[in-house]
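Q: Could you walk me through this structure step by step? I would like to begin with what the record says and then look at how the chain is put together.

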Amino acid sequence: MTHSAQQNYLFVGLGNPGSQYELTRHNMGYLVIKAFALGMGWHFKEDRRFNALVAKGVIGEASIHLLLPLTYMNLSGTAVRRYLDFFKLPASCLVVVTDDIALSFGKLRLKTMGSAGGHNGLKSVETHLGSSHYVRLRMGIGHPGEKELAGYVLDSFSPEELKILATFVDRGVEVLLRLLKESVSHVMNVVNTAPSKDRLVPLPKKESIDLTKPPLQG
């Protein structure tokens with residue numbers, strides 16, 4: 001991801017549409033991208049060309065595109081491919097935000113490539129891009145252990161998780177903002193080497209984002 005005048009970025013949040021999925025673990029990508037838009041005062045609009053909610057804005061010299069596929073998780077790549085093709089954007093401008101069961105809740109990892117790890121949304125993106133070389137921000141949701149995986153990721157956050165959810169989401173937004181002004185390799189180094197003792201703490205209430213509200217739509 002290079003930095004130049006008129007640089008474009010496509011930030012994609014993976015999740016499932018509908019209020020019943022709003023605060024489920026599988027929707028971490030949605031939550032981060034919604035919080036990004038909310039912080040900028042940008043509004044989402046449904047665009048049927050991509051079957052997605054879309055928001056756009058400019059930060060500095062960068063044009064930012066936000067995309068929330070409405071296809072359900074296992075078809076997310078369709079919206080991503082259509083959007084990239086329509087606006088003639090290279091895959092190098094893509095950053096996908098996703099939940100990840102391989103990371104404990106509250107942990108973040110930034111990667112420039114890698115396997116889908118069984119994640120249906122990432123599988124779909126990889127299939128439609130024809131490559132696993134794209135930036136993804138992995139938001140840890142923990143592993144259910146012996147419990148059934150599909151039920152776990154589609155379940156609501158626990159009371160303990162909800163206490164730090166706003167702070168966790170805010171850190172995801174911070175990573176995206178840093179990518180606009182710093183190299184991917186530098187941001188990866190900062191994010192991926194954070195000490196384990198760096199535990200998340202709840203934001204003061206006045207700074208917390210109300211994650212129960214639906215995406216803003218114009």
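**A chat about the model**

A: The UniProt entry, which is unreviewed, carries the annotation "active site" for H26, and please keep in mind that the model we are looking at is a predicted one.

Q: Where does H26 lie?

A: H26 is in the loop that runs between strand 1 and helix 1.

Q: And is H26 buried or exposed?

A: H26 has a relative accessibility of 11%, and because buried means under 20%, H26 counts as buried.

Q: What does H26 touch, then?

A: If we do not count residues up to four places away in sequence, H26 touches L14, G15, N16, M73, D99, H119, V153 and L154.

Q: Which residues does the "binding site" annotation cover?

A: In the unreviewed UniProt entry, that annotation covers Y21, Y72, N74 and N120. Y72 lies in the loop between strand 4 and helix 2, and N74 is likewise found in the loop between strand 4 and helix 2.

Q: What is Y72 in contact with, leaving aside its neighbours within four places in sequence?

A: Y72 is in contact with G15, N16, P17 and Y21, and Y21 is itself one of the residues under the "binding site" annotation.

Q: How accessible are Y72 and N74?

A: Y72 has a relative accessibility of 40% and therefore counts as partly exposed, while N74 is partly exposed with a relative accessible area of 48%.

Q: Changing topic, how many helices and strands are there in the chain?

A: The chain has 6 helices and 7 strands, and from the N terminus on, the elements follow the order β-α-β-β-β-α-β-β-α-β-α-α-α. Of its 218 residues, 50% count as buried.

Q: Which residues in helix 2 are buried?

A: In helix 2, which spans residues 76–86, the buried residues are S76, G77, A79, V80, Y83 and L84. They cover an arc of only 160 degrees around the axis, so they sit on the same side of helix 2.

Q: What covers the buried residues of helix 2?

A: The covering elements include strand 1 (7–13), strand 3 (52–59), strand 4 (62–69), strand 5 (94–100) and helix 3 (120–129).

Q: What comes after helix 2?

A: Helix 2 is followed by K88, which has a positive phi, near 50 degrees.

Q: Now to another pair, at what angle do helix 1 and helix 5 pack?

A: Helix 1 (residues 28–40) and helix 5 (residues 159–179) pack at an angle of about 70 degrees, and their axes are 9 Å apart. Angles from 65 to 115 degrees count as roughly perpendicular, so helix 1 and helix 5 are roughly perpendicular to each other.

Q: Which residues meet there, in helix 1 and helix 5?

A: From helix 1, the residues are M28, L31, V32, I33, A35, F36 and M40, and they meet L165, F168, V169, G172, V173, L176 and L177 in helix 5. The residues of this contact divide into 13 nonpolar, 1 polar and no charged.

Q: One last thing, how far apart are S92 and N8?

A: S92 and N8 are 84 residues apart in sequence, and their C-alpha atoms are 9.4 Å apart in space. S92 lies in the loop between helix 2 and strand 5, and with a relative accessible area of 45%, S92 is partly exposed.

Definitions and conventions:
Residues numbered from 1 in each chain as written. Predicted model: local features only at pLDDT ≥ 70, side-chain atom pairs only at ≥ 80, totals over all residues. Heavy atoms only, no water. Axes fitted to C-alpha atoms, helices over the stretch in contact; angles between N-to-C directions. Helix = DSSP H or I, 4+ residues; strand = E, 2+ residues; numbered from the N terminus. Parallel < 35°, antiparallel > 145°, perpendicular 65-115°, else oblique. Contact = heavy atoms within 4.5 Å. Nonpolar A, V, L, I, M, F, W, Y, C, P; charged D, E, K, R; others polar. Buried < 20%, exposed > 50% of the residue type's maximum accessible area, 1.4 Å probe, protein only. Arc of directions from axis to C-beta. UniProt positions renumbered as here; feature names shortened; annotations may be inferred.
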